[in-house]
Amino acid sequence: MSDGISRLGIVLLPDVASDARIRRMWSLLEDPELILPNIGRPHITAALVAEDDRETAGEALAGIAGNMQGMRIAFDSLGLFPGEQPVLFLNPVASGGLLALHRRIHDALRLSGTRSLGPNYDPGQWVPHLTLGRVPDAERLGPALAIANRFRLRFEVTFVALAAMRLKS
């Protein structure tokens, strides 16, 4: 990013079975002519902080992370962030439990003095999502959507961990 600050995502990570299911979806979209692959681990990003704040954020979130015992989140649709390289994502149902967890994460970070670097992740602005990948350009969006549209989109993912992860920009 242009400001030179290295960013860290505070992310929800799925259990092994859910991770494998999402990776199978990724594999169906693995045509580099169609979609730029999502390299990394399946996750939902809840907050964005400076990498320099890793230790403070970790201490602030330890209690929340210790209580992550299998939050089931339903997914029911595809979503799209428009742009030069549109981002295709799985859209979770924004349940009260998910929104409450998100609020607790941000409250804990704020109380620790950890500054949010991504206003799009702040409560009231956040669009929860699990990225499938980036479409290289708008012309390939239709074919990418046609493949993703074949996914069975009423399923649950069990999230079992809260972690800090360097995100690709």
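How far apart are the mean positions of the 18 positive and 18 negative charges of the protein chain? They sit 6 Å apart. Keep in mind that this is a predicted model.

**Fold and overall shape**
- The protein chain is built from four helices and seven strands.
- Reading from the N terminus, the order of elements is β-α-β-β-α-β-β-α-β-α-β.
- The radius of gyration comes out at 16 Å, close to the 15 Å that the globule rule gives for 169 residues, so the chain is as compact as a globular protein of that length.
- If you box up the C-alpha atoms along the principal axes, you get roughly 45 × 35 × 25 Å.

**Surface and inside**
- As for the inside, 43% of the 169 residues count as buried.
- The largest nonpolar core takes in 42 residues.
- Within that core, the residues with the most contacts are I10, L12, F75, I105 and F159.
- Leaving aside residues up to four places away in sequence, I105 touches I10, A46, A47, L61, I64 and L162. One of these partners, I10, is also on the list of core residues with the most contacts.

**R166, out on strand β7**
- R166 belongs to strand β7, which covers residues 155-166.
- Its relative accessible area is 56%; the cut-off for exposed is over 50%, so R166 counts as exposed.
- The C-alpha atoms of R166 and G9 are separated by 6.0 Å, even though the two residues are 157 residues apart along the chain.
- R166 also touches S6, R7, L8 and E51, with residues up to four places away in sequence not counted.

**H106, tucked into helix α3**
- You'll find H106 in helix α3, residues 96-112.
- Is H106 buried or exposed? With a relative accessible area of 8%, H106 is buried, because the cut-off for buried is under 20%.
- Skipping residues up to four places away in sequence, H106 touches A46, A47, S116, Y121, D122 and P123.
- Two of those names, A46 and A47, turn up among the contacts of I105 as well.

Key: Residues are numbered from 1 along each chain as its sequence is written. This is a predicted model: local features need pLDDT of at least 70, side-chain atom pairs count only at pLDDT 80 or more; totals for chains, interfaces and linings use all residues. Side-chain values use heavy atoms; hydrogens and water are left out. Helices (H or I, at least four residues) and strands (E, at least two) are DSSP runs, numbered from the N terminus. The radius of gyration is taken over C-alpha atoms; the globule rule is 2.2 Å times the number of residues to the power 0.38. Buried means under 20% relative accessible area, exposed over 50%, partly exposed in between (1.4 Å probe, protein chains only). Lys and Arg count as positive and Asp and Glu as negative; His and the chain ends are not counted. The place of a charge is taken as NZ of Lys, CZ of Arg, CG of Asp or CD of Glu. A nonpolar core is a set of buried Ala, Val, Leu, Ile, Met, Phe, Trp, Tyr and Cys residues joined through side-chain atoms within 4.5 Å. Contact means heavy atoms within 4.5 Å.
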